[in-house]
Amino acid sequence: MNGNDLMNALSGIDPKYIDEAAFELHESPAPKKTSKIVRINRFALIAIPAAAALLLTVSVVLTRMHVGKSESTSAGTAMTDAAYPAPEAASEAAYDADSEAAFDAASEADYDMASEAAGEDMMDMAPGLEAPEASKGDNAAAAEASTSDATGSSAASAASETSGSDSTLSADFEEAELNDSERSYESKKGLTSPILEEAEYEDGILTVTVKEALPPSAKELKYSITAADGSGSDTPLAEGTLGDILLAPDPLTLDLTDLDLPAGTYTLTLGTSTISFTCK
Amino acid sequence: MQDHEIVDLYWARSESAITETNVKYGSYCRKIAMNIVDNSEDSEECINDTYLSAWNTMPQERPELLGSYLAAIIRNHALTLYRKTHSQKRGAGQTALALDELLEVAGTSSTEDMVDMSLLSEHINRFLSGLNKNERIAFVRRYFYVDPLTDIASKLSMSESAVKSLLFRLRGRFKTYLMKEGYEL
């Protein structure tokens, strides 16, 4: 037997083996490369959403870290302020970090408990600040103030509103920070906005009842007078320092004769305090 | 058209049987012939001889797999033509390479030993039945269809060297099998 014999004998093999190997008549038997591509595609289907989710998570974490860092920085700045020490900074940090806890407490329809929880958290979050005893009262006041918008409505819903919206909270914080900075500036100069109780206008003279007698430095306080035109927007009429129009500090008497006010309703702003009066 | 319908045409002695065969299996037969004779004119001659053989044998036979039946016929014609044109010297095509590889199995003894071809085919079938599908396809493509190694590698998604080593191992197993069956190699 030789190679030619084998070659001839191979012509007699079973037709099913000839047909099995007939690539020209059938599909290729081992499409391995295709399966590799499918495997790569499957990998991409899993990997791309996973990477996107990871990226999103990292960005959210970094954003939160950045916000927390800036808040802690502002808290530190506030701590150095003589007039507004630890309690304000503590309240900011505690309010932010534990706003969820406050929300949970508030959603249990107990406004007082929510305020209390927030106040406690404030102190818990700032253990190193060692706020003075008196400042605990300020904490409670701050907690109350942050939710005081809800006065007159259902306590639970008001607390939920106050605690439930981050944007509302952040807006409140920004406003509080601005007021704090103003007060801080005035305090440094020894200026404190008086608490205005009642105002009467007659013949160009405005007499204002204040809760406490004004100190001599009150002449440096800024004032402004605006007219309420009924459209909801106030028209500024005059502004300057209190000394410009001050006739007498006790009772607080202001000379507005130069303005020659017509009949209407006006608003006096002194520092951060405001009061309305009517000109007949 | 289905195989049995074409076979019916042969049995009905309809000339359209050749046309339908050429439509369905023309390129398949041409590929086999080209692998062996490596010449387009010779391969066309092989195809015509194959259709004539099918026309002459069909009333007696009724193949279930018409493609395989035609493949075996054209392979025989192509090998005969190859041997006729390469009687003086060995060729350099795939057929010569495949024959050289089969010589590793069967040796170079003369054909005077009177080998029973049908029995040898039976043994080859048994050997093939013991292989896995990929091994069997590689063996049949190389030694029946006389495919180049690159084509087999491409179709089986393997490297050419992997196909080469696979065929080397298969030839070794084939030789061992034939010796076990009593062939003197």
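At what angle do α1(A) and helix α6 of chain B pack, and how far apart are their axes? Before selecting them, note that this is a predicted model, in which local features need pLDDT of at least 70 and side-chain atom pairs count only at pLDDT 80 or more, while totals for chains, interfaces and linings use all residues. Residues are numbered from 1 along each chain as its sequence is written, chains are lettered from A and ligands numbered from 1 in the order in which they are written, and side-chain values use heavy atoms, with hydrogens and water left out.

Select α1(A) together with residues 117-129 of chain B, which form helix α6: the two pack at an angle of about 75°, with their axes 8 Å apart. Axes here are lines fitted to C-alpha atoms, for helices over the stretch in contact, and angles run from 0 to 180 degrees between N-to-C directions. α1(A) is therefore roughly perpendicular to α6(B), a term that covers angles of 65 to 115 degrees. The contact (heavy atoms within 4.5 Å) is made on α1(A) by Asp5(A), Leu6(A), Asn8(A), Ala9(A) and Leu10(A), and on α6(B) by Met117(B), Leu120(B), Ser121(B) and Ile124(B). These residues divide into 6 nonpolar, 2 polar and 1 charged, where Ala, Val, Leu, Ile, Met, Phe, Trp, Tyr, Cys and Pro count as nonpolar, Asp, Glu, Lys and Arg as charged, and the others, Gly among them, as polar.

For the charged pairs, show Arg141(B) and Glu24(A), whose side chains meet in a salt bridge at 2.9 Å, N to O.

Inside chain B, select Asp8(B) and Arg62(B), which form a salt bridge at 2.2 Å, N to O. Because Asp8(B) lies in helix α1 of chain B and Arg62(B) in the loop between α3 and α4, the pair ties together parts that are 54 residues apart in sequence.

Two backbone stops in chain A remain. Asp250(A) and Pro251(A) are joined by a cis peptide bond with omega of about -10°, and Pro251(A) sits in the loop between β5 (246-249) and β6 (252-255). Asp203(A), in the loop between β1 (196-202) and β2 (205-210), has phi near 50°, a positive value in a residue other than glycine. Helices (H or I, at least four residues) and strands (E, at least two) are DSSP runs, numbered from the N terminus.

Key
Salt bridge = Lys/Arg side-chain N within 4 Å of Asp/Glu carboxyl O. Parallel < 35°, antiparallel > 145°, perpendicular 65-115°, else oblique.
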